[in-house]
Amino acid sequence: MKNQRLQRMAVTSASSLLAVFVALCICAVILLITGKDPIEAYRTLFGAAGDTKVLQGALNRATPLMISASAVAIGFKMNLFNIGVEGQMRISLLATAVAGAAIHLPAPLHVLFCLIVAMATGALWAAFAGWLKVKRGVNEVISTIMLNFVALSLVAWAFDSFFRVESTTGSLLVKTKELPTSAWFPDIVDRRLNGMFFVAVLVLILFYVLVWKTKFGFQLRASGANPGASRVTGVNPKRMIMISMLLSGALAGLVGMRSLLGDVHAYQNNLAEQQGFNGIAVALLGRNHPLGIFISALLFGYLGEASGRLQLIDIPKEITTIMTGIIVLAVVIINEAVKRWDDRRIQHKAALALEAVAVAA
Amino acid sequence: MKFFKSLSTGQRTIALSLGFMMVLSIVRLFTNADDITSSGTISSTLRVATPILLAGLAGVWAERVGIVNIGIEGMMIIGTWFGGYGAWKWGSWAGIALAIVAGSLVGLLHALATVRFNVNHVVSGIAINILAAGTTEYLSIIFFKGQQGGGESQSPAGKGGYGEFDMPFLSGGRIGSWRSPDMLGWIEKKHDLPLLPDIAGLLRGLVSDIYIPTIVAIALVPITAYILWRTRFGLRVRSSGESPQAGESLGVPINRLRYQAMAISGGLAAFGGAYLSCVFTSTYRQGQTGGQGYIGLATTIFGNWTPFGVFRGAILFGFPSALKFRDEKNVPALLLVIAVILIAAAIVSLLKNKQLLATGLLIGAAVSAATYFLVDEVPQEFVAATPYIVTILVLAGARQQLRPPAHAGIAYRAGENH
């Protein structure tokens, strides 16, 4: 049993690695066609790993990705595709920035208060999509896409009409009122790595325990894999949809907190942009498993941080965005192929066993 | 009600549009927002609606063949880039042609992933959106940076226009060198009359100042309807989206059809993108699509997966933006239009004995009318969010009337699951 599980894990990791390798190869071809030297590009890109500053930056970038990927993955476990992490994050960013600046609390409580507000507002916005799915049968892919844009407009309007504060330093960047220092999430190592990184790791650990070590997690996975069968055992699929949507939204609320509490300390346009959306790629490459998500988030965080180096040798850093797209496509294609190959292998094994029985008889 | 039901579909459409024009006319007389039915507004509505329309048609082709296309936005982005590149190098028509070719290839990539490799349609669509954004940004730096008028996120200006078209006699088009009288324009200016200037404005908007690519795009609506519902190819495409197993058992080459329909879908979406970068403006700009591919997806749903429905949706979603574009002061008048329409809907639902729905609609009407009297200006963000909110409401409230293709988005492999 244990051996089989290890084998499966090895196959899974190998196929994710293969996907990354394929993406590197295709990008090398693209670089060649456009007259750039791929070897030099990759040497620069991965050579940056020796620089601690780059590595710390990569960890900072990986922080929101780990959380947003968990938000996506918890939906996937229930067969739900929450594309709305970006919108849920936006809503919670503004709400937290406003609520956090309005009150005064001692430091640890203030940060905790902000995190709770963020999770609550994210869950609230996700609850819309959950309600639409459960009560009105609306596909969550469509509703979350639409709600993303509604959130974008709503936040832009509310920010512009009520919460913007003209800057005193004469900078053109408009922000909300700055959070009091008691709400700042402290940096930990060397004033470079923000403490939210450890919150993200904690989220991954909790995610693992919840999904694989509790009764609820078992029901969640069962309901996602076979709603009909688990319904017979007394698991209400609608309830599971609603709960996983709320959990996913609560995590989505946390995604932007590194940028808000750990970096900018106020809401501004483009804050944490795309961090919710990018979680989808991380979750897919990490195969919805906390360990996989951790490693993929580090990889994407590193690519994002090190890509700046490419510009020094006159290669557009956007090659890493192309790489991300190819990785997503390659990983799902390879998974599908591996699954079919595995199915055939098992079928073949069963056929051989059957034959042996027939011969014996 | 009985009388209305006795009419044919065409007659009903005419009756409803006349009713709608009447509402607009009354609101116009009441608010003096003359621009809400002016020919200028109508023609700019067409311009704003064209890319949405094309994206919506791309959605229809994809979903009708059974493939969910979240990648419309990405295909549009590809269209904007190649449109801008082609227009810069060889001229505007070449830009559109190049965009359509590039978009079809992206459509084929989506088909390859979903049909050949059986990848989840939504995942593949997301991958295409990421790829499209990355590729165009990368290519812009390689090709446009350092060129005259170009930059990291912008192409140099395209060559050549498209020639605008005016209908002779109706909107003052030229015959040879002689300028014919502008009859509709003359009626349109009689603002004190009810209804007549509105209808004249609508008609004049449809036949004046209109780009030829717009005419092509609008012509694609009946063409799509004809192909999908009146030809053998179309019947097969739809069978692939409804029940591929049944089609396969009759010898329909499902996989090949899916490749073909996805190439068409990608081409249409990219045409929509190229419209933005070489017709609506003359340069490619990064982020030019601004989510219009998703509005297109919304119109596919709003239009019940039919080409004419998509057309209606594109006009409806384009109208507020066009109005906003011309003069912000006209947008609040739309609130009154909404109020009147909601009251009409409330009366209809009262006649059908649906008191609860009628009450809801009346409350909506009251809120909308009250807002009109309270605010001077409708924020830009509300105009932008309207298509998405309407689509959510339609999905939540009118699901019984919607009929998506039964097999769209479901994994299918030839020879399995029988």
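At what angle do helix 6 of chain A and helix 17 of chain B pack, and how far apart are their axes?

**View 1. Helix 6 of chain A against helix 17 of chain B.** In this predicted model, helix 6 (residues 140-163) of chain A packs on helix 17 of chain B at about 150°, and the axes sit 9 Å apart. Angles over 145 degrees count as roughly antiparallel, so that's what we call this pair. As for handedness, the two helices make a left-handed crossing.

**View 2. Who meets whom where helix 6 of chain A touches helix 17 of chain B.** Helix 6 of chain A brings I142(A), S143(A), M146(A), F149(A), V150(A), S153(A), A156(A) and W157(A). Facing them from helix 17 of chain B are E381(B), A384(B), A385(B), Y388(B), I389(B), T391(B), I392(B) and L395(B).

**View 3. The side of chain B that touches chain A.** Stepping back to the whole contact, chain B puts in 34 residues and chain A 32 residues. On the chain B side, the elements giving two or more residues are helix 6 (121-143), helix 13 (292-302) and helix 17 (380-397). Helix 6 of chain B has the largest share, with 14 residues. This side of chain B splits into 24 nonpolar, seven polar and three charged residues.

**View 4. Helix 5 of chain A and its kink.** Helix 5 (residues 107-136) of chain A runs for 30 residues; at 1.5 Å a residue it should span 44 Å, and its end C-alpha atoms are 43 Å apart, which agrees. Look for the kink of about 25° centred on A126(A).

Notes:
Residues are numbered from 1 along each chain as its sequence is written. Chains are lettered from A and ligands numbered from 1 in the order in which they are written. This is a predicted model: local features need pLDDT of at least 70, side-chain atom pairs count only at pLDDT 80 or more; totals for chains, interfaces and linings use all residues. Two residues are in contact if their C-beta atoms, placed from the backbone, lie within 7 Å. Helices (H or I, at least four residues) and strands (E, at least two) are DSSP runs, numbered from the N terminus. Ala, Val, Leu, Ile, Met, Phe, Trp, Tyr, Cys and Pro count as nonpolar, Asp, Glu, Lys and Arg as charged, and the others, Gly among them, as polar. Axes are lines fitted to C-alpha atoms, for helices over the stretch in contact, and angles run from 0 to 180 degrees between N-to-C directions. Angles under 35 degrees count as roughly parallel, over 145 as roughly antiparallel, 65 to 115 as roughly perpendicular and the rest as oblique. A crossing is left-handed if the near helix is turned anticlockwise from the far one by less than a right angle, and right-handed if clockwise. The expected span of a helix is 1.5 Å times one less than its number of residues. The bend at a residue is the angle between axes fitted to the seven residues ending there and the seven starting there.
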